[in-house]
Amino acid sequence: MIYMVEMDFPHPERLREWHEWYLAHIRVLLTVPGFRASQRFHAVVEPAAPYLALHEVESAGLFETAAYRSRGGPASTGEWRQLQTNWRRNLLEGLDETPDVPADRHVLLLDEARDVKLPAGIGVTWLRGVGLDSTVKECGLAVLTDPAPLLDLARHDPRVRIYRPISEKIRAAS
């Protein structure tokens, strides 16, 4: 199951500090039983919410646990909560693990866009929105070796988003 968080952070003067905080926050989330891995991304073509985090979680039930409520969710972000805008949290079913996206690859996110014609050879995995904000009914994820053939499409169709990694995939301690 994938816990997907999209947001904007329109405060360039604090961006470095926010990134440092966010990585520390991910490490705290990964201490919650059921949080298995996380990776952050930034959009190549800027949508309303250019930052993306893909978290690999065991089940929807973990969001109801005392461990999650004390370490995760909007209340856990302190002063940063009011600085983050266009914040959407969605729980997605259809993959057990987040994709591995090395620094030289990109993530393609298709938001309710099955009708989009993609170049041959791009394998999209379709996920169904099942909880939290429920702003995504269905989305597709793919790892791209070369985003260039899709950049024009991403510029003209807001349902097509391309992200580059801004962190490695961080896994929970075993």
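My entries below go through the ground rules, the strands, the salt bridges, the core, the cavity and the pocket.

**Ground rules**

I am working with a predicted model, in which local features need pLDDT of at least 70 and side-chain atom pairs count only at pLDDT 80 or more, while totals for chains, interfaces and linings use all residues. I number residues from 1 along each chain as its sequence is written, and my side-chain values use heavy atoms, with hydrogens and water left out.

**Strands**

I took helices (H or I, at least four residues) and strands (E, at least two) as DSSP runs, numbered from the N terminus. For pairing I asked that DSSP find at least two bridges between two strands.

I began with strand S1 (2-8) and strand S4 (85-93). S1 and S4 pair in the antiparallel sense, over six bridges. In that pairing I found Val5 opposite Arg89 of S4.

I then looked at what else S4 pairs with. Strand S6 (residues 125-132) runs antiparallel to S4, and four bridges join them. Here Asn90 stands opposite Leu132 in S6.

**Salt bridges**

I counted a salt bridge when a side-chain nitrogen of Lys or Arg is within 4 Å of a carboxyl oxygen of Asp or Glu. By this rule I get 16 salt bridges.

One of them joins Glu6 to Arg88, with the closest N and O atoms 2.5 Å apart. Glu6 sits in strand S1 and Arg88 in strand S4, so this pair links distant parts of the chain, 82 residues apart. I checked burial for both, calling a residue buried under 20% relative accessible area, exposed over 50% and partly exposed in between (1.4 Å probe, protein chains only). Glu6 is buried at 2%, whereas Arg88 is partly exposed at 22%.

Arg88 also forms a salt bridge with Asp111, where the closest N and O atoms are 3.5 Å apart. Because Arg88 lies in strand S4 and Asp111 in strand S5 (residues 106-111), the pair ties together parts that are 23 residues apart in sequence. Asp111 is buried, at 12% relative accessible area.

Arg16 is exposed at 66% and Glu20 is partly exposed at 47%.

I also noted a network of salt bridges linking Arg36, Glu56, Asp100, Lys169 and Arg171.

**Nonpolar core**

A nonpolar core here is a set of buried Ala, Val, Leu, Ile, Met, Phe, Trp, Tyr and Cys residues joined through side-chain atoms within 4.5 Å. Which residues have the most contacts inside the largest one? I found Tyr3, Trp18, Tyr22, Phe35, Val57 and Tyr68, in a core of 25 residues. S1, H1, strand S3 (51-57), helix H2 (66-71) and S4 each supply at least two of the core's residues. H1 gives the largest share, five residues.

**Cavity**

Rolling a probe the size of a water molecule over the atoms shows where empty space is left. On a 1 Å grid over the protein atoms alone, a cavity is a set of points where a 1.4 Å probe fits but cannot get out, and a pocket is an open set with protein on both sides within 12 Å along at least five of seven lines; lining residues have an atom within 4 Å of a point. Grid points are joined across faces, edges and corners, and a volume is the space filled by probe spheres set on the points.

I find one cavity of 30 Å³ or more, and the largest cavity holds about 110 Å³. It has 15 lining residues, with Tyr3, Tyr22, His25, Leu29 and Trp87 closest to its centre. H1 supplies the largest share of the lining, four residues. I sorted the lining into nine nonpolar, five polar and one charged residues, with Ala, Val, Leu, Ile, Met, Phe, Trp, Tyr, Cys and Pro as nonpolar, Asp, Glu, Lys and Arg as charged, and the others, Gly among them, as polar.

The largest pocket holds about 180 Å³. Of its 15 lining residues, Pro47, Ala48, Ala49, Pro158 and Arg161 lie nearest its centre. S4 and strand S8 (160-165) each give two or more residues to the lining, and S8 gives the most, with three. By class I get eight nonpolar, one polar and six charged residues.
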